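Please examine the sequence together with the three-dimensional structure shown below. The paragraphs that follow lead through it region by region.

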Amino acid sequence: MSGPGPAGAKLDINRAGVAELEGALSGIGRRRARGIVRKREELKGFTCLDDLLHVKGITTRILELNSQRMTCRRCPGPEGPPRASPAPLGDSEDRRAPVAQVVAEEEEEEEEEEVPGPWEAERPWKGTPRSGGDPDGSGGRGPQEPPRSTREEEEEEEEEEEEGSCCSEEGEDSSNIYLYYTLGERWIDYLQRTGDGGLLRHLRPKMKRKSENGPDGRALSPGKKLCKGSDYGRTLGPCTPSPTTTFGDLRNAKVGQARRRHIPPVAPPPELQDWLRTFQRWSGPEKLLALDELIDRCEPAQIKYMMQVIEPQFQRDFISLLPKELALYVLSFLEPRDLLRAAQTCRYWRVLAEDNLLWREKCREEGIEEPLHLRKRRLLSPGFMYSPWKFAFLRQHRIDMNWRSGELRPPKVLKGHDDHVITCLQFCGNRIVSGSDDNTLKVWSAVTGECVQTLVGHTGGVWSSQMRDSIVISGSTDRTLKVWNADSGECVHTLYGHTSTVRCMHLHGNRVVSGSRDATLRLWDIETGQCLHVLMGHVAAVRCVQYDGNKVVSGAYDYTVKVWDPESESCTHTLQGHTNRVYSLQFDGTHIVSGSLDTSIRVWDVESGNCLHTLMGHQSLTSGMELRDNILVSGNADSTVKIWDIKTGQCLQTLQGPSKHQSAVTCLQFSSKFVVTSSDDGTVKLWDLKTGEFVRNLVALESGGSGGVVWRIRASNTKLVCAVGSRNGTEETKLLVLDFDVDLK
């Protein structure tokens, strides 16, 4: 391809005609050249090279390839006649194909004889004679082919108009050969990735497509094009770098337009151009020697400047060079925060960072089980797919930030038990159930704060409860259990059998196990209201019970923990070791954790009955515990909270310090990130599970320290329910509902 003019001259896109644009620029066929002219007339002239991006088919890649051959001069007057396009290079001078030819040819010098390349054995080229060629136009290979007819040219032009031009995008695989070819030109351009990370541009005459053959000798279909990384493209062999390609050419081609670093404004020395011309005349080894001597004479600040200019040119986007599967595998090792930052690197990285499966794994690592499908699908931008898993992760992150540092909105206040004590609290979905020593239970809406139902029927105070969906089970000092329908407020069953207060219960499926001060446990079917089994063996009141559908574990005031087979009504293990009453239990199917008034916590193996660990550190009664994935959080009457690893028996964290509770811990709950604790001091505190650091107070009663108490807490992912009151009348009995949800529209 011949250049646009004399050496160093650039094609003015405000003056060039269709033929000139088509012949001088790479990737610009007849159709795009016409589009440029039409757009120029529409805009009444281009103001900069970037205006070409408004032309259909002109991409940033094409603009980058041609940035050194074009200029945009604003003309005050009407455009002059288009200059004649340079004659296309033919094959009459030398029918051997060139190996590599730089884009900018110096026409002021004599055209050099082209060097045979690795594809010289392929079929002869068909083209027009080039001026200054062999006298006979044969190039030493035989008679020249007759010129094409006008009909053939029209057919080829129609083919060009139909198919336009094609270029392969960089970074879709690891190939080092990048093809850019235009059907309207007689040249195919090759960009080769060099060892130092730069790009070299090479030219090769275009063969007639109907005669193109694959490596097996078979002709390619006229509708096929060579693609980057294809087997046909790789058989062409390596391209030899042009000796006249400079670092400046590569640097400018990479950024689209020359962008120099800031240099202090000084007048160039008069000898600069002579010095540069002398350097250009030297051979390669002489240039290296001169550079070596020049570096030795530079000051550190000047070497630093050279590094700042050169080093970015050798940086490679390895992610874009990898296959998509490997790129996603690499990105899967990033933390979500780093993944979001990587999405801002470039367009292709953002496509990868929006991968739905990638975010699904991130969600599962955080315990998020369901993707977030927005009612109104959010359009990110053209070409980017919506990721429900990513939005689920972002929503959860914002919820966590609301817990940690978001503004505390005024809580909903639910009043209904007068001045009585709220003895038990359940929270599921948007339904809250509170039990009180006023003999009633109340069902509340967590959304509106309204009391939906009041469950009346017990003749004594309610001291235990369980809930699943719309079914509520309650235990009372009247020695009965009742099964309620929370929607209608109807009492479905009254379960008789215990001879004293029903102090604890645990629901699993359609069965509930109840423990009583009569020292027995009973297994009930809540659908039929029948007592299925009675478990007898304790010699004092049963204070806590756990049931997993297979085994029943109970703790009692007789200092023992018992493991039961409910079907045979037999005690399989009696776990002895505590020296005082057992007040709390946790059971995960493998391990039993018991807390006692003797200040110790014991970890037992449910199959063997052996005591695995004795957790020492608390100074008083362990009033509440929660176990999840070998992590145990215990709250104690000594005002401290401890985090344990039951596998090793080690205490991981003690939640204390200047902001610790000032009185007994009454209740606790924890998630994968936070621990929420309540206390007799009238506060609810938030702690970081991993570090044990105090985050902030979620609730602080004004009457705290003078009688105000937080009796119970229950938390979901987005809400916190607190049962508060006092025993001396300083705080009104009520429920506080705090909301930490976010709204993603």
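Helices (H or I, at least four residues) and strands (E, at least two) are DSSP runs, numbered from the N terminus. Helix α2 is followed by Lys44, whose phi is positive, near 60°. The model is a predicted one, in which local features need pLDDT of at least 70 and side-chain atom pairs count only at pLDDT 80 or more, while totals for chains, interfaces and linings use all residues. Residues are numbered from 1 along each chain as its sequence is written, and side-chain values use heavy atoms, with hydrogens and water left out.

The protein chain contains 15 helices and 38 strands. Of its 745 residues, 47% are buried, where buried means under 20% relative accessible area, exposed means over 50%, and partly exposed lies in between (1.4 Å probe, protein chains only). A contact requires heavy atoms within 4.5 Å. Among the contacts in the protein chain with a separation of 6 or more, 49% are accounted for by residues 24 or more positions apart.

Helix α2 has 14 residues and reaches 20 Å from its first C-alpha to its last, close to the 20 Å expected at 1.5 Å a residue; the expected span of a helix is 1.5 Å times one less than its number of residues. The buried residues in α2 are Arg32, Ala33, Gly35, Ile36, Val37, Lys39 and Arg40. An α-helix has 3.6 residues a turn, so residues three or four places apart point the same way. Arg30 also has its place in helix α2, and is partly exposed, with a relative accessible area of 22%. The side chain of Arg30 makes a polar contact of 2.6 Å with the side chain of Glu22. Such a contact is a pair of N or O atoms within 3.5 Å; within protein, one must be able to donate a hydrogen and the other to accept it, and residues adjacent in sequence count only if both atoms are side-chain atoms. Arg30 and Ala19 lie 11 residues apart in sequence, with their C-alpha atoms 7.6 Å apart in space.

The largest nonpolar core has 19 residues, and those with the most contacts inside it are Ile13, Leu21, Ile28, Ile36, Leu52 and Met70. A nonpolar core is a set of buried Ala, Val, Leu, Ile, Met, Phe, Trp, Tyr and Cys residues joined through side-chain atoms within 4.5 Å. The elements giving two or more residues to this core are α1 (18-24), α2 (30-43) and α3 (60-66), and α2 gives the most, with three residues. Apart from its neighbours within four places in sequence, Met70 is in contact with Lys10, Leu11, Ile13, Leu25, Leu49, Leu52 and Leu63.

Buried residues in α15 include Trp389, Phe391, Phe393, Leu394, Ile399 and Trp403.

Ser436 is found in strand β9 (residues 431-436). Why is Ser436 counted as buried? Ser436 counts as buried because its relative accessibility is 0%. Its side chain makes a polar contact of 3.4 Å with the side chain of Asp437. Not counting residues up to four places away in sequence, Ser436 touches His417, His420, Val421, Ile422, Thr423, Gly461 and Val462.

The loop between β21 (552-556) and β22 (561-565) holds Thr560, which is buried at a relative accessible area of 10%. A polar contact of 2.7 Å joins the side chains of Thr560 and Asp558. Beyond residues up to four places away in sequence, Thr560 touches His538, Ser554, Gly555, Thr574, Leu575, Gln576 and Val582.

The structure holds six aromatic pairs. The rings of Tyr557 and Tyr583 have their centres 5.4 Å apart and their planes at 45°, so this pair is tilted. Rings of Phe, Tyr and Trp (its six-membered ring) pair if their centres lie within 6.5 Å; planes under 30 degrees apart count as stacked, over 60 as edge-to-face and the rest as tilted. Tyr557 is partly exposed at 22% relative accessibility, whereas Tyr583 is buried at 18%. The charged end of Arg581 sits over the ring of Tyr557, 4.3 Å from its centre; this description requires NZ of Lys or CZ of Arg within 6 Å of the ring centre and within 35 degrees of the ring normal.
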